[in-house]
Amino acid sequence: MAQQFTSDVSLAGLALNIASQAVVVMILPRVLAKLGVSRSTAKLATITYLLNPAVPFFNALYTESLYSALSTVTIYAWLCQQRLATAMLVCIASLVRSNGFLLIGFLLHDGVVALLQWDALDTIYIVGLGLLSSLSSVWIHFTNYNKFCYRDVAPLWCNNTPPMLYNYIQQHYWNVGFLKYYTLNQVPNIALALPVLAASGCLLKRIAMTYPIATRNLALPWLSATCTSQAKGWQHVSFVVPLLCYTGTLQPSWRMGQLASNDYG
């Protein structure tokens with residue numbers, strides 16, 4: 001009976017992973033189309049995603065595939081200016097992976113735009129969406145605190161500010177911390193990541209060189225009197241700026257697919 005249950009769970013997980021990858025394949029070309037990328041380049045980006053070396057890992061019973069799909073759909077919703085949908089997707093993504101909360105960077109960018117434009121109603125609305133986005137993260141930490149910290153002998157992390165179980169687990173058991181990853185033992189892994197980092201850097205450099213004014217003003221066009229002359233640039237840079245808020249939370253192939261574009265000019 002237990003063996004049958006395990007097999008059923010494994011098949012269900014594999015089906016969910018395949019469905020999640022199918023969602024990315026369908027949405028990724030639409031995201032690139034919103035950024036002005038040609039159909040041929042979008043097709044190339046999709047093929048890059050399908051053939052990337054991490055595909056076997058995406059089929060494992062883990063959260064990577066589902067989070068990848070949620071991240072891609074979140075970005076598409078934001079590009080379509082569907083802020084409420086974006087906030088709800090960020091909330092769901094945060095349940096799948098803790099770093100999903102960093103997707104709120106897209107709404108944060110909109111909030112900065114509204115604030116600098118002195119649009120009080122829009123600012124209040126975006127702040128409300130930000131609170132909605134954070135509900136799942138707050139709920140998870142609140143549940144952990146109630147479960148573990150109201151005991152006669154409470155764990156050490158209960159005294160932290162803020163008391164976050166996940167941070168404690170990462171630090172205590174996985175030795176995760178600022179710059180702690182960069183050790184001699186990790187040199188092979190760092191070397192494996194270098195091509196992706198280089199590709200991401202090339203993409204940012206290309207956008208910065210194509211749209212220098214938009215880049216210099218961090219996609220806040222009212223800071224420049226020449227904003228209308230680089231209207232397309234505002235769109236590209238306003239996409240990249242919040243993307244940097246959570247760089248590394250999307251799979252490398254997604255960024256590699258974007259780098260394949262030669263349509264930014």
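**Figure 1. Salt bridges in the predicted model.** A search of the whole structure finds 3 salt bridges, a salt bridge being a side-chain nitrogen of Lys or Arg within 4 Å of a carboxyl oxygen of Asp or Glu. The structure is a predicted model, in which local features need pLDDT of at least 70 and side-chain atom pairs count only at pLDDT 80 or more, whereas totals for chains, interfaces and linings use all residues. Residues are numbered from 1 along each chain as its sequence is written, and side-chain values use heavy atoms, with hydrogens and water left out.

**Figure 2. The salt bridge between E64 and R97.** The side chains of E64 and R97 meet with 3.5 Å between N and O. This pair links distant parts of the chain, since E64 belongs to helix α4 and R97 to the loop between α5 and α6, 33 residues apart. Helices (H or I, at least four residues) and strands (E, at least two) are DSSP runs, numbered from the N terminus. Both E64 and R97 are buried. Buried means under 20% relative accessible area, exposed means over 50%, and partly exposed lies in between, with a 1.4 Å probe and protein chains only.

Figure 3. R83 forms a salt bridge with D110, and their closest N and O atoms are 3.5 Å apart. The two residues connect distant parts of the chain: R83 is in helix α5 and D110 in helix α6, 27 residues apart. R83 counts as partly exposed because its relative accessibility is 22%, whereas D110 is buried, with a relative accessible area of 14%. R83 also meets the side chain of D122 in a salt bridge, at 2.5 Å from N to O. Here too the pair links distant parts of the chain, with D122 in helix α7 (residues 120-133) and R83 in helix α5, 39 residues apart.

**Figure 4. The nonpolar cores.** The largest nonpolar core has 27 residues, and those with the most contacts inside it are L32, L79 and L103. Two or more residues of this core come from each of α1 (2-34), α2 (39-51), α4 (64-79), α5 (83-96) and α6 (105-116). Helix α4 gives the most to this core, with 7 residues. Apart from it lies another core, of 5 residues, among them C149, C158, L165 and Y168. A nonpolar core is a set of buried Ala, Val, Leu, Ile, Met, Phe, Trp, Tyr and Cys residues joined through side-chain atoms within 4.5 Å. In soluble globular proteins, nonpolar side chains tend to be buried together.

**Figure 5. The surroundings of S136.** S136 has its place in helix α8 (residues 135-148). S136 is buried, because its relative accessible area is 5%. The side chain of S136 reaches the backbone oxygen of C91 at 2.6 Å. When residues up to four places away in sequence are not counted, S136 touches C91, S94 and L95; contact means heavy atoms within 4.5 Å.

Figure 6. The buried residues of α9 are L165, Y168 and Q170, and what covers them includes α8. I169 also lies in this helix, which spans residues 165-173. I169 is partly exposed, with a relative accessible area of 25%. I169 and W157 are 12 residues apart in sequence and 9.0 Å apart in space, from C-alpha to C-alpha. After α9 comes N175, whose phi is positive, near 55°.

**Figure 7. A nonpolar patch on the surface.** Y166, Y173, W174 and V176 form a nonpolar patch with about 450 Å² of accessible area together. Such a patch is made of residues with over 30% relative accessible area and no salt bridge; like charges are joined within 9 Å, and nonpolar side chains (Val, Leu, Ile, Met, Phe, Trp, Tyr) within 5 Å. Y173 lies in helix α9 and is exposed, with a relative accessible area of 58%. Accessible areas come from the Shrake-Rupley method with a 1.4 Å probe, and for residues only the protein chains shown count as cover.

**Figure 8. The whole protein.** The protein has 13 helices and 0 strands. Of its 265 residues, 38% count as buried. Among contacts between residues at least 6 apart in sequence, 64% join residues at least 24 apart. The accessible surface of the protein comes to about 15,500 Å², of which 68% belongs to carbon and sulfur atoms.

Definitions and conventions
A polar contact is a pair of N or O atoms within 3.5 Å; within protein, one must be able to donate a hydrogen and the other to accept it, and residues adjacent in sequence count only if both atoms are side-chain atoms.
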